[in-house]
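Welcome, and please open your viewer.

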Amino acid sequence: MEFNDSLTTGMSDFFDIEGQEIPGELPMMAVRDVVVFSYMIIPLFVGRAASVSAINDAMMKDKLLLLVTQKDASLDEPTADDLFRVGMVCMVMRTLKLPDGRLKVLVQALSKAKVEEITQQEPHLIAKITVVKDEELSPVPVEVEALMRTARENTEKILSLKGIMSSDLMVILNNIEEPGRLADLVVSNLRLKTSESQSVLETFDPVARLKKVSEFLRKELEVSTLQAQIESVAREEMGKSQREYYLREQMHALKKELGDDDDRSAEIEELRAKIDKKRMPPAIRAEAVKQLKRFEMMHPEASEATIVRTYLDWILDVPWQRGTKDKLDLKNAKEILDADHYGLEKVKERILEHLAVRKLNKSSKGPILCFVGPPGVGKTSLGKSVARAMGRKFYRLSLGGMHDEAEIRGHRRTYIGAMPGRIIQGLKSVGSNNPVFMMDEVDKVGSDYRGDPSSALLEVLDPEQNADFSDHYLNMPFDLSKVMFIVTANMVDTIPTPLLDRMEVIRLSGYTTEEKMVIAKRYLLPRQISQNGITEKQIILDDSMLEAMISEYTREAGLRNLEREIGKVCRKVARKVAEGGKGPYTISARTLASYLGPPKFLPEFETDKIDQPGLATGLAWTEVGGEILYIEVAILKGKGNITLTGQLGEVMKESAQAALTFCRSKLERLKLSEGYFDEIDIHVHVPAGAIPKDGPSAGVTMATALYSALSGKKVRQDIAMTGEITLRGRVLPIGGLKEKALAALRVGIKTVIIPDENKKDLVEIPKDLRDKIKFVPVKHMDRILAIAFD
């Protein structure tokens, strides 16, 4: 017999075992996931040390060993308790050592045996056994013969249903006359669980064993029959679909001959006509024609047909070469910008410059503008005005909280539900390839495992690259160079540097009280009167009341809260009118509180806080505008420690340390002893402790407050200051000067100390604001101390 390398079981070819003498004690080897039955020839791969030892022991003696199945197949080192008590005595016919150290063993099952006792544990198990032989039935009873014939027929049916019918196997089945041997052969070819096969092995009565196997055959026959029925139905459905496809194609050909075309042909012809009429680049047209041919060859019920049809719709809907004509009348554009927005001269000037360039150079690329300013200053509404002034379509996209790169570049068509990115969607929505495209909140873009949208924006917002912008869904270049992109942000600190480098930043500072009053009278009040259903004759709100609302009920760089307060007044007037009142209703100083409640801010009260040594007023810049920053310093007996409170960031903590070092260098001027600072503790606090604070603008304020506490002198109440300080007392420049000046003006401060290097920024501040505030440029801290304690 030739050695078979594959793992097979069978009884067609086995050694003659008649008269083989089996000892009462044999080496025992555990096998997993297989139960060995009589007369089986099976190859085994042996790798465990105990199993190799058992094989070697058997080969040195009479080549016999006991194979027993382990109860848990996951155990790598089973003990005697982990094995079943009934196994099969086998003869080792051949061994082969593999390159990985394992043995490949060919064994033939001889006889069933029962383990009586384990006589050795190491290096392998040796068991005392009792050989179990089947009872011979001669002659075979009629009932048993009927049972055997049923088992043969059911086996033949199962093999036939599975398509693995073997004439050799059926010859063997028909030649077996012993019921036990027939049961062993049949069960060895059934895919039973290990526990079920073991239960058959442990059934010693051959007739009972055959009955148990017949029951398993009956269940397997039911499963195989049902499986064959399912496969037959599937084949019939597939054949039906193919038959319908051919019939449909024949019907299509017949209708075409008769001139009576069907709906699908009409749909394809409609798409072809749209492609011919659509203005698009040659490469795009070639791709559209290619996809249409694919669609035409597909079965209409195919899943990919829907994908291709949707893709064709997108190609036809995208405005490849359709745009609006720019209005290049500079005078008219200026009138529109002035009518929609008050102030913002720098922004208006930049828009008019772009229009002038477009008038002289038709092929100029669209600018990438970034409006940076606090909330409510009109960044988004300014974009709408720009579109109206240029005669372009307007589209707004909010980037706040965006995490998925596919929102910008689109999804690839391999994904279910794929669609283009928001850029292409926006262009399709407005139907123009040169709109004013506004992207709000670019400073609030996030990133996670789905990608970084800000990196995708690098291509979109680069005039040198966006002429060939490729959306993942369309997978074809689209020219974005004609689009005028306007990006808005509250602050530039969180915008990635490569992205910020691609944009032209235009800062929109907050409004002065006078500017807010003009805007309120021109825009906010008429809008709220209209929205609340009242008329201008039913409400009287004069300039003094508007000023009171601005100074006492709002404290912001923009106008949103002011519009809310005006809306609140209008709603209360609307209720009175709805209840039958005729009006007009006059909003006066006496009635304002009844409409809006008590004042929320009292500017004069704020400046009265600076009434004792150790207090100073600073100015800070935040993403919502300028803010007043009060610094408090307390001197206590101690051991030279400094405590910083108020949720200060690292920059402000370093500013406090620099301010302390500066003051320690002024011991002689402060008339303090050398060891004075070793006998005190210093506590620096910035009120509103729940609000985190950081930035390089509070150094001079901290030094002034600390100097005030050490000297016992009060700082003037009518001044505020901003600037960073060095250890030698030099004052360094800061940013956000206009916002800080507006914050000082809101609380009634008329003198602001600024770094000398910020004098150049005064030209950016409106003249009316410069007339109301006295700016004092300083180069050194000594000059600030001279002014603060005057």
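Start by selecting R48: leaving aside its neighbours within four places in sequence, R48 is in contact with A30, R32, Q70, L75, D76 and P78, where contact means heavy atoms within 4.5 Å. This is a predicted model, in which local features need pLDDT of at least 70 and side-chain atom pairs count only at pLDDT 80 or more, while totals for chains, interfaces and linings use all residues. Residues are numbered from 1 along each chain as its sequence is written, and side-chain values use heavy atoms, leaving out hydrogens and water.

Stay with R48, which sits in the loop between strand 2 (41–46) and helix 1 (49–60). Helices (H or I, at least four residues) and strands (E, at least two) are DSSP runs, numbered from the N terminus. R48 is buried, meaning under 20% relative accessible area (1.4 Å probe, protein chains only). Which side chain of opposite charge is nearest to R48? D76 is, 5.3 Å away, and R48 has no salt bridge (a side-chain nitrogen of Lys or Arg within 4 Å of a carboxyl oxygen of Asp or Glu). Now show the backbone oxygen of A30, 3.3 Å from a polar atom of the R48 side chain. The backbone oxygen of L75 also lies 3.3 Å from a polar atom of that side chain.

Next, select G410, in the loop between helix 13 (406–409) and helix 14 (422–430). G410 is buried, with a relative accessible area of 3%. Its contacts, apart from neighbours within four places in sequence, are M419, P420, G421, D471 and H472.

Finally, select residues 751–755 and 774–778: strands 23 and 24 pair in the parallel sense over five bridges (pairing takes at least two bridges found by DSSP). Here P755 stands opposite V778 in strand 24.

Methods. Buried means under 20% relative accessible area, exposed over 50%, partly exposed in between (1.4 Å probe, protein chains only). Lys and Arg count as positive and Asp and Glu as negative; His and the chain ends are not counted. A polar contact is a pair of N or O atoms within 3.5 Å; within protein, one must be able to donate a hydrogen and the other to accept it, and residues adjacent in sequence count only if both atoms are side-chain atoms.
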